[in-house]
Amino acid sequence: MEAMSIADFVKQVVMGKISVVQHTEQVLSEIDSTNPKFNHFNLIASELALQQAKEVEAEIKTGRHKGKLLGVPISVKDCICVKGVESRAGSKILSGYRPTFNATVIERVRAEGAIIVGKTLQDEFGFGTFCTNTGVDFPTPLNPLDKSRSCGGSSGGSAGFTALTEFTHAGIAESTGGSIACPAAFCGVVGFTPTYGRVSRYGLMDYANSLDKIGTMGKTVADASLLLEVISGHDSSDSTSLPEPVPNLGEGEGDARFKVGIVKELFEKSDESVRKECEKAVAQMEKLGASVKELSLPLNSEYGVAAYYLLSMSEASTNLAKFCGMRYGLHGKLEGSFNEYFSKVRSEGFGKEAKRRILLGTFARMSGFRDAYYLRAAKARTKLINEFKEVFKEVDVLVNPTMPVVAPKFSEIKKLSPMQHYAMDLCTVPANLAGLPHLSLTAGTAKKMPVGLMLTADHLQEQNLSSAALSLEGALK
Amino acid sequence: MSEEKNDVIIGLECHVQLDTDSKLFCGCPTTAEEPNSACCEVCLGFPGSKPVLNKKAVDYALKVSMALNCEINKEFFFSRKTYFYPDMSKNFQITQYEVPVGKNGYLTLSSGKKIKIERVHIEEDPAALVHESGLAMSRQTMVDYNRSGIPLVEIVTAPDMRSPQEARDFLDQLTTVLQYLGVFDEREGTLKVDSNLSIKGGERVEVKNITGKKGVEKAMSYEAVRQKGVILKGEAVRRETRAFNEKTLTTRSLRTKETEEGYGYIFEPDLTAFELDEKYLNSIKQSLPELHDSKAKRFVQQYSLDGYTAGVLSRNPHLGNIFEQAIKSVDVALAAKFLTRELLGILNYNSLSFEEADLKVEELVGLMQLLEKGEVSEKNAKQALIKYVLEKASPRKFIEEQGLKKDLDETELLNAIEAAVNENRPAVADFKKGEKKALHFLVGKVMQSTKGKADAREIQKKLKERIEAE
Ligand SMILES: [Zn+2]
């Protein structure tokens, strides 16, 4: 049975044909039974969800509630603060951290009547591409289509559960360098990452603040778009939040009549089977009225990954400084000097990849190296953004394979060196570094696994992405 | 050896708490009674929280920069300075690094010497570490986050000062400027200074975290003597960082390895960079008050005051204002003398600021007018002023009610003198023998019997005439 779209579900709820409480109970029981096998959640908020469901149902009965997400189960990536609910960003070092406030996105979905069902698994602080860099004592989420394969990362639990569930559901996820698009592609769902600043980061536990974007995961373009519309918009609590009005994404019409640019290098660097599926999808777009041309992003293809990792690790190494076992999260036995104490807590609380990124990031910004690494990467970033700005004078939408491969097996991932691991982000990193909105949807299948096609638009052009993706999605069915 | 004094080289880094209502990056108040009662997820550095800039702090920092004759950088952004310390809620401080708000300014000392200001920048104050039974005895350190996130300006001078007294004078001039600007409350806000001193040709020693102006002078005096002692012994001064002990007035070594500390600055990515536009900068410039040194110069020119009196009158913005209002209806010399001697004396004696005393110009003017017309003696005027400053009793009313007006006629005074002379013959005899003290005693007696309504000088004159006539 195919799950109902969010829009249809809400209609049924309003008409009283679906009980929000019963539906929430069913979703929670599905999570309870699947989670031991797939590890998509590291916290199931059963009590909170049922309480919210009862409140929403009571309000519906009074006829007052007109939310766009009435009774819709929403999962939340662990790095996003939910008031009173343990929020760990996938790290042991945040054990026991129950935020005293809600992230702005949580406030917004709650205002539309959504039900928060739990916190989804991720690479620790978002540091990974396969959700295999989960924190100390955290399990690894498994791909619902093939348990021997990765869900992708870092929003692995979010994509995994979105693919797995039989119920109406959407996920609030987060991307720094591709953490929404990658798992969406690997699990065969839609991942929508907005323009940097479109969605408030207030309440997001930082990976790299100048890159972090909260976005959405849905079974369909319509679901992912509707949720994105709800969480978008200016927020005075986040200084980097954009003032521009939010476009109507939830009720958009499919339309593929755009000027589409094929990013040559990113097709060339992808596996042949992946490339073929993406080419087929592009041909489909052409049939739908798109005018397609090949173009090149030489700087982004060559330097994107290096600039991204230098900047993101530099920022991450400062963000992670606050975790010292003093005010919240993991505490240790009080002994030794302050330095000895926090070093011990951090040694125990951080996983291997977090430690690697702290060391590399600290190195890149230290005096003597700062000019050669951190500052040079910041300068490169401006050039890479300009390269995009130039091509967007010619086209509306760029397309490339979301990932150069289909979801790899865990046995294959083990063989990758850290550098090979980072190189997997080749296709998603440029748009993320430039803060451009992008969407990944399933173009076809290779090796019985979904292949993701990534559409990228110019800043603030989410509506174009949504229209093009809706149209293509319809044609590919 | 006078040239030895000139061998001292001092530079200062002053951290001034800006007197804003709320903190630099959150809405928490900057004053609070209970420890840890004025803090939120932002100033506690909770994961997920984000800073939002308090624009008032930028206004204030610009005022400071302009008043210190700095060039203003229009490009405005913050940086992250990362280091681990228990008073840091995030283990990084949001500060300005590459581009400070102001640079290349100067401040003029009372001697007229100009001290170069290298930079003025904004940053957040860390939390306060509290040791209940003193640093040495406490078994634990407590943290009070009320201070965390209070806006600071850091003012860095060139090593232009040549004595601890010059350093003190710099800080006096600086706090005067800050008070004129209304950005610093000397009573509530703190001034913390990292002060470095070297003897010409020797290594530089930094004394960290000195509180207050007096502390800086004392710490630098100690350091100058200590370093000269080291040199006299034929040894070299080590480059090091030292701490100042306010009780013993000595410094002690904190660390000797003074390598470039690795703070690993990055651009603060949670705050956006912006451009300070011309219109905004002009509006700040327009809002700058006349500062004390130009006011003092003007007082000398406009009112023919001596330099010292003009300096005292202009040191405090309130005093200067009261003076200029008063002289619309009172003689300049009388007002200057009354305000600098009597009023300042009473305020200083009772350690009251002008804000705390909350004086009404009309009341002060009324009192000065009585004095000018000779309707009240200086002694009674002072008594009325004390009553007014401390108890807010209207001076005119007080003088009226207590019958302190100088309404004695000549005969009453002469009668009082007559009585004093007759009742104190031994004193009269002593005075005749040349003992001046005896006359003072007699003046006191007359003052008592006339309730201070007569002037001491007049009584003295009349008493002398009376005794000499015997
Ligand atoms: Zn606060």
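This is a predicted model: local features need pLDDT of at least 70, side-chain atom pairs count only at pLDDT 80 or more; totals for chains, interfaces and linings use all residues.
Residues are numbered from 1 along each chain as its sequence is written, chains are lettered from A and ligands numbered from 1 in the order in which they are written, and side-chain values use heavy atoms, with hydrogens and water left out.

Rings of Phe, Tyr and Trp (its six-membered ring) pair if their centres lie within 6.5 Å; planes under 30 degrees apart count as stacked, over 60 as edge-to-face and the rest as tilted. By this rule there are 30 aromatic pairs over all chains. In one of them, the ring centres of F101(A) and Y202(A) are 5.5 Å apart and the planes stand at 50 degrees, so the pair is tilted. The pair links distant parts of the chain, 101 residues apart: F101(A) belongs to the loop between β2 (73-77) and α4 (104-111) of chain A, and Y202(A) to the loop between β7 (190-193) and β8 (213-218) of chain A. Helices (H or I, at least four residues) and strands (E, at least two) are DSSP runs, numbered from the N terminus. Y202(A), at 9% relative accessibility, counts as buried.

One aromatic cluster is formed by Y97(A), F125(A), F127(A), Y207(A), F323(A), Y328(A), F350(A) and F46(B).

Rings also meet charges in chain B. A charge sits over a ring if NZ of Lys or CZ of Arg is within 6 Å of the ring centre and within 35 degrees of the ring normal. The charged end of K81(B) is over the ring of Y263(B), 4.3 Å from its centre. K114(B) lies over the face of Y106(B), with 4.6 Å to the ring centre.

Helix α16 (residues 425-432) of chain B packs with α17(B) at an angle of about 145 degrees, their axes 7 Å apart. Axes are lines fitted to C-alpha atoms, for helices over the stretch in contact, and angles run from 0 to 180 degrees between N-to-C directions. In this packing, A427(B), V428(B), D430(B) and F431(B) of α16(B) meet A438(B), L439(B), F441(B) and L442(B) of α17(B), contact being heavy atoms within 4.5 Å.

Helix α17 (residues 436-449) of chain B also packs with helix α18 (residues 456-468) of chain B, at about 115 degrees and with the axes 10 Å apart. On the α17(B) side the contact includes L439(B) and L442(B), and on the α18(B) side it includes I459(B) and L463(B).

A cis peptide bond, with omega of about 5 degrees, joins G153(A) and S154(A); S154(A) lies in the loop between β5 (146-150) and α5 (156-164) of chain A. K448(A) is placed in the loop between β12 (438-446) and β13 (449-457) of chain A, and K448(A) is exposed, at 81% relative accessible area. K447(A) is found in the loop between β12 and β13 of chain A. Phi of K447(A) is near 50 degrees, a positive value in a residue other than glycine.

Technical notes
Buried means under 20% relative accessible area, exposed over 50%, partly exposed in between (1.4 Å probe, protein chains only).
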